[in-house]
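Try each task before reading on.

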Amino acid sequence: MRRIAFTVNGTRHELEVEPRELLVYVLRERLGLTGTTVGCDTSSCGACTVLLDGESVKSCTLLGVQAEDRDLTTVEGLAQNGSLHPVQEAFHAAHGLQCGYCTPGMVMATVSLLSENPRPSEAEIRLALEGNLCRCTGYQNIVKAVQTAAAS
Amino acid sequence: MAVTKERTTYIGTSVARKEDANLLTGQTRWVDNLTLPGMLWVSVVRSPHAHARIKGVNMSKAAEAEGVVAAFSGTDLAEEWAGALPCAWPVTEEMANPPHWPLAKDKARYVGDGVAVVIAESRVLAKDAAELVEVDYEPLPSVTDVTKALDDGAPLVHDELDSNRCYTWALAAGEVDRLFAEAAVTVKERYRQQRLIPNAIEPRGVLVDLTPAQGEFTMWSATQVPHIARVTLSGTTGIPESKLRVVAPDVGGGFGSKLNVYAEEALCLVLARRLGRPIKWIEERSEGYLATIHGRDVIQEIELAATAEGKITAVRTRLTAAMGAYLQLVTPGIPLLGAWLYGGCYGVEGYDFECVGVFTHTTPTDAYRGAGRPEATYAIERAVDALARKLGQDPVDLRRLNFIKEFPAELASGLTVDSGDYDASLDRALEMVEYDAVRREQAERRERGDSTQLGIGLSTYMEMCGLAPSRILAAIRYGAGGWDAATIRCLPTGTVQVLIGTSPHGQGHVTTFSQIIADRLGMAIDEIEVLHGDTSVIPLGMDTYGSRSLAVGGVALYNAADKVIAKAKQIVAHGLEVADYDLEYDAGRFTVRGTDRSMTVKEAALAAWTAHNLPDGMEPGLEETYVYDPPNFSWPGGCHVAVVEIDTETGSVDLRRYVAVDDVGTVINPMIVDGQIHGGIAQGVAQALFEEAVYDEDGNLVTGSMVNYMVPSAAELPNFELDRTESPSPTNPMGVKGVGETGTIASPAAVMNAVVDALSPFGITDIDMPATPERVWRAIEEAR
């Protein structure tokens, strides 16, 4: 077991993890942050996307120990003082989610995209979200949600 | 039945979804998010062979591994089963249905067939220990290709049968042979519906809790069908139905893959019973590619007979449909859900359909979005284009000539289409896509030998959904009814609970059904709570599949509101001391005609609860249930048009535009309906261009993970251009029809007709799906 310390959604955590434990399972099973979901075992679907020092990463591609001293944000950390984050608001307004399983990953990837490129074109949005799979929406309203968030 | 026109505030408007708040903030109840004290994890050991005799299973190393509580082979658990896993649709009396045990005992029959389980204190320890199970396999020859499974000498999937044929099912009407003999023109086409993997983004998962002293079990499952699972798993496990509660909590997509009753559900129940502790199983994605049902895998032969003018007189269809290694819940019936539709929206006189179901050493097939109807639509729409080419006609003109124009319309195949206007949706789609302009551009590109060729493809589809009238289901030997139920519970404080028998997993039932009740009972949308997916809360239900939730469950709810209003009226009349015919009802309020004296449904609910002043003999409480058995299927239709550009040097297909004009009857929430259509089109486009499950000669699933099975991302798809025409269904008071599958049903044909149209200057008349660059490039090279 290895002892690690990192910050998630503004809260400092210290815990012991197995060296082989993936970050997504550290979040879900050790910290109970089950908003981040697991949709595949090949780093293909992006459901597990979180922010690592502000940039999106698939939390199934990192080991928990790699989060040492890093600052993580998960979907649970987006809403502030009971108000949804503008990206969450936009997904709601644009019907950018149906079953919602991919949604935390989509929302986190969008937050990351808009911090890097506040006014992305439709093509840039589609390319930026290439690593996040959704089976319900056909992506059309996800793209619209990103555009809505960018305009807000 | 006439469609009721009431004053509506919510129906027909794009109310933002009530479902979203928890999904957007991560406050979700996926099965994988649930834990219980003392919970154990199960890992399933699966066969790496497509066909093998199981000579022995050695658990000793696994049993000694860290954290392991137990390990069992199929033989070890043999005494646990009261019955095999259910197949609820024995389509013919003589259909072969060899027992499907939750763990294989003597033989593994596909790669992924479960042969043993290991139960341990954690997810990781269970998985580690599963690696230590030693299975002594004797590999045997296998057959995974549906076209080879009926050959003489093909390896048998089930030794007790004398061939791999599961059933032959036929439907015929009219003088088909005569019509073909007299036909001026005929076409005969062969199409391949490749095998698909549904890919709901939430993998399956099961958690079972129990009260050993009472023999009570609760199963949370990522399922579309908690009610059906409860009935059938009772039969498999021997747990009395009355002691089994099934809960579908938040469920992350289904598309038919969770319309099933799976080995892992049965295993978790019996392992909990055997070990006396809660049991959890969560599917890994690559595991799911083997262990969750696949879709399609059908070879289609279709022949059309037509007059010299192009009037189609008869259609003859032969299907060879892969069942996989075993029959899952409704495996054999899936190709037959298209059996009535091979004439499309065209009024043919002669109809001849036959389907042979075939076992192969593959993951079982079953319902995948559209289930039988995308296949039927694909065959007739591709064949109509082939006929147009043969006749030298524009595919638009040929379709118009043949459209059914009067409704209700009795099909030669025997069912009755409720309503439609196929010309209207075609007109609108052609207008949106600017058909003539696209044809001009196509001609110019052909003229100048442009390396990028343009293709335009139509799919004027209709389909039957809203499953289904119970009497028709009986006639086709389906094991359950097609009704659904809804309960409206008016609480004394003025809010309402709505209990629905359908079980949503992304479709927005909570919002849509709230809209119906808000209008009918004159309430605000937030005063209504919609409960679903728990057999202890919702005693009556038939769950969600086959685009049935609104067309059956929604109508049950609408009708339940009639009963609430009727009872409330009695209470109000009594309270206001007037005759009930003196009361006018509008949006939740009863008013004494010609006065300002009134009382609301909410006030009636309180009066019903206090029961201080009710009419003699009236039962207290204002709660009504309606169980609705639809008199007919619902019959959406419409026109989809795809425009593709094909780079003839590389074979790459670019979907430039996609126009969809759908007629799904009355629309309750346009935003949700559009979302359903977007997603449906995306899955159909994916079948046409991207996705294919491939087995190698040895029966290995080559496309065994998301890395090599091409689920499209946002980067591969365009925006879809949508509009609607509206032919309300006359069979229900709201005029609604189903919508969940239309996009997937219509789109493969539109895209592939466009691909073939683009390639027609090369003399190419067919390309197998998916039309990958390699396939298209090879076809062009062979044709050059």
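**Exercise 1. Judge the overall size of chain B.**

Start with the globule rule, 2.2 Å times the number of residues to the power 0.38, with the radius of gyration taken over C-alpha atoms. For 784 residues, a compact globule would have a radius near 28 Å; chain B has 27 Å, so the value agrees with the rule. Next, look at the extents: the C-alpha trace of chain B spans about 85 × 70 × 50 Å along its principal axes.

A note on conventions before you go on. This is a predicted model, in which local features need pLDDT of at least 70 and side-chain atom pairs count only at pLDDT 80 or more, while totals for chains, interfaces and linings use all residues. Residues are numbered from 1 along each chain as its sequence is written, and chains are lettered from A and ligands numbered from 1 in the order in which they are written.

**Exercise 2. Describe the make-up and burial of chain B.**

First, count elements: chain B has 18 helices and 28 strands. These are DSSP runs, numbered from the N terminus (helices H or I, at least four residues; strands E, at least two). Second, take burial, where a residue is buried if 20 or more other C-beta atoms, placed from the backbone, lie within 10 Å of its own, exposed if 12 or fewer, and partly exposed in between. By that criterion, 59% of the 784 residues in chain B are buried. Third, turn to contacts (C-beta atoms, placed from the backbone, within 7 Å). Of the contacts in chain B with a separation of 6 or more, 80% join residues 24 or more positions apart.

**Exercise 3. Which elements of chain A touch chain B?**

Begin with the totals: 44 residues of chain A and 40 residues of chain B take part in the contact. On the side of chain A, two or more residues each come from α2 (86-93), α3 (103-116), α4 (122-128) and α5 (140-151). Then sort that side by class: it has 22 nonpolar, 17 polar and 5 charged residues. Here Ala, Val, Leu, Ile, Met, Phe, Trp, Tyr, Cys and Pro are nonpolar, Asp, Glu, Lys and Arg are charged, and the others, Gly among them, are polar.

**Exercise 4. Work out how the domains of chain A meet.**

In the contact, 16 residues of domain 1 of chain A meet 13 residues of domain 2 of chain A. On the domain 1 side, β3 (49-52) and β4 (55-58) of chain A each supply at least two residues, and β3(A) has the largest share with 3 residues.

**Exercise 5. Trace the seven-stranded sheet in chain B.**

Write the order: β3-β5-β1-β12-β9-β10-β11 of chain B, an open sheet with mixed pairing. Strands pair if DSSP finds at least two bridges between them. The edges are β3 (68-73) and β11 of chain B, each pairing on one side only. Inside the sheet, β9 (205-211) and β12 (279-282) of chain B pair in the antiparallel sense over 4 bridges, and B:V208 has B:I279 as its bridge partner. Finally, α5(B) packs on the sheet, touching β10 (216-221) and β11 of chain B, and its direction makes about 145° with that of β11(B). Such angles run from 0 to 180 degrees between N-to-C directions, with axes fitted to C-alpha atoms, for helices over the stretch in contact.

**Exercise 6. Which strands pair with β27(B), and in what sense?**

Strand β27 (653-663) of chain B has 8 of its 11 residues buried. With β26 (637-647) of chain B, β27(B) pairs in the antiparallel sense over 10 bridges. With β28 (721-724) of chain B, β27(B) pairs in the parallel sense over 4 bridges.

How values were computed:
Contact = placed C-beta atoms within 7 Å.
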